[in-house]
Amino acid sequence: MTGQRSTEPAEPRQSRIERNTKETRIVLHLNLDGTGASKIDTGIPFFNHMLEAWSKHALMDLTVDAKGDLDVDLHHTVEDVGICLGKALREAVGDKKGIVRYGASFLPMDEALLHAAVDISGRPYLVFNVPLQRTRIANFDLDLLKDFFRAVTVNAEITLHLNMHYGENLHHIAEATFKAAGRALAEATCGDAPMRAEGPKRPNHRPESPARTRSEQEVTVYALGALPRSTQLEPGP
Ligand SMILES: [Mn+2]
């Protein structure tokens with residue numbers, strides 16, 4: 001199957017989250033079917049840089065306007081942006097019909113290698129094996145990254161596994177974590193039918209609308225590829 005599909009829904013999957021508390025005031029907009037464009041202002045330059053990397057590699061448009069109590073510390077702002085991003089993902093994904101659901105990405109960045117695996121499962125679970133305890137970049141305490149990804153995971157209701165295989169440079173490790181998570185989510189939120197017909201690949205396919213049934217998809221897959229010779233029964237004597 002090649003070329004433009006005519007069955008894409010007219011409306012992209014989008015959400016807008018506004019959250020105001022004593023500590024933070026946040027407005028976040030997410031478009032799952034975007035191009036990776038972002039406009040991020042959290043008041044924390046390093047965190048802006050990470051969210052821009054996530055958006056670009058998730059092929060999702062993201063705008064964040066967060067005003068937090070940075071004079072206390074960065075914790076409330078980072079965690080609350082995570083809550084809003086998780087809620088936005090949950091809302092934009094909707095009923096999960098017609099999406100791949102699973103996604104994974106190995107992401108190298110110079111000497112660092114990170115892996116992200118995601119299931120849009122409805123069951124929040126974070127595995128975070130990225131050893132960044134008690135380390136800082138500029139004024140950003142890297143402990144906060146685990147809090148951020150926990151907030152995303154719980155509020156998006158997804159299973160997310162983030163594993164560092166190796167790495168030394170803290171900036172590379174942190175950035176590769178965001179990029180890997182973004183790419184895994186891009187794959188997991190793709191439309192299921194084109195992925196099954198064409199094999200895993202990057203384009204940000206939207207789900208079919210209306211979603212085809214599983215049996216119809218399987219018919220298509222079989223129709224596209226003949227069974228290998230070895231699985232065909234020879235006529236008996
Ligand atoms: Mn960087």
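**Close-up views of a predicted model**

**View 1. Strands E6 and E10.** Leucine 113 stands opposite tyrosine 166 in E10. Strand E6 (residues 112-119) pairs with strand E10 (residues 159-166) in the antiparallel sense, over 7 bridges. Two strands pair if DSSP finds at least two bridges between them. Strands (E, at least two residues) and helices (H or I, at least four) are DSSP runs, numbered from the N terminus. This is a predicted model: local features need pLDDT of at least 70, side-chain atom pairs count only at pLDDT 80 or more, and totals for chains, interfaces and linings use all residues. Residues are numbered from 1 along each chain as its sequence is written.

**View 2. Strands E7 and E10.** Strand E7 (residues 125-129) runs parallel to E10, joined by 5 bridges. Tyrosine 125 has threonine 159 of E10 as its bridge partner.

**View 3. The open sheet E1-E2-E4-E3.** This sheet has 4 strands and mixed pairing. E1 (14-20) and E3 (38-41) stand at the edges with a single partner strand each, so one side of each lacks a neighbour in the sheet. E3 pairs with E4 (residues 61-68) in the parallel sense over 4 bridges. Serine 38 has leucine 62 in E4 as its bridge partner.

**View 4. Helices across the sheet.** Helix H1 (residues 45-58) lies across E3 and E4, at about 160 degrees to E3. Helix H2 (residues 75-93) lies across E1, E2 (24-31) and E4, at about 35 degrees to E2. Axes are lines fitted to C-alpha atoms, for helices over the stretch in contact (C-beta atoms, placed from the backbone, within 7 Å). Angles run from 0 to 180 degrees between N-to-C directions.

Technical notes:
Two residues are in contact if their C-beta atoms, placed from the backbone, lie within 7 Å.
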